[in-house]
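Here is a friendly walk through one model, with a stop at a loop, a helix and a pocket. Please keep the structure open as you read.

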Amino acid sequence: LLGRPVLVAFASRHNVMERRLKESCQMCVWYLEQALERTVLTAPSKPGSHATDEVPASEQVLGIFDVRGFSPLSMDLEFTHFLVN
């Protein structure tokens, strides 16, 4: 989308009983680093703005969390804590 990398996470594929926290965190960091390496400096679009408007460029990554099929087994508070911090 406009040169931005997109990361998609499917909650239904995560099972807190089967995951290894350290490996899940490392995988998350790897995907974020890969996305950041692919970022292009883009100006954020604002309603009514024109391409010539002075808007500072920024690195942007789009994250999509698909919560279809989310269940209690998908709930992982330790991993969520890692993502937030």
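## An arginine in a loop

Let's begin with arginine 38, which sits in the loop that runs between H1 and S2. Keep in mind that this is a predicted model. Arginine 38 has a relative accessibility of 52%, so it counts as exposed, the cut-off being over 50%.

Which residues does arginine 38 touch, leaving aside its neighbours within four places in sequence? The contacts are with Gly3 and Pro5. Arginine 4 lies 34 residues away from arginine 38 in sequence, yet their C-alpha atoms are 7.7 Å apart in space.

## Helix H1

Now turn to H1, a helix of 17 residues. From first C-alpha to last it reaches 24 Å, close to the 24 Å expected at 1.5 Å a residue.

Which residues of H1 are buried? They are Ser24, Cys25, Cys28, Gln34 and Ala35. The cover over these buried residues of H1 includes S1 and H2.

## The largest pocket

The largest pocket holds about 890 Å³ of space. It is lined by 26 residues, and the closest to its centre are Ala9, Phe10, Phe65, Phe79 and Leu83.

Several elements share in this lining: strand S1 (6–10), helix H1 (21–37), strand S2 (62–66) and helix H2 (77–84) each give at least two residues. Sorted by class, the lining of the largest pocket comprises 18 nonpolar residues, five polar ones and three charged ones.

Note on methods. Residues numbered from 1 in each chain as written. Predicted model: local features only at pLDDT ≥ 70, side-chain atom pairs only at ≥ 80, totals over all residues. Heavy atoms only, no water. 1 Å grid on protein atoms, 1.4 Å probe; cavity = no way out; pocket = protein on both sides within 12 Å on 5 of 7 lines; lining within 4 Å. Points joined across faces, edges and corners; volume = space filled by probe spheres on them. Helix = DSSP H or I, 4+ residues; strand = E, 2+ residues; numbered from the N terminus. Nonpolar A, V, L, I, M, F, W, Y, C, P; charged D, E, K, R; others polar. Expected span 1.5 Å × (residues − 1). Buried < 20%, exposed > 50% of the residue type's maximum accessible area, 1.4 Å probe, protein only. Contact = heavy atoms within 4.5 Å.
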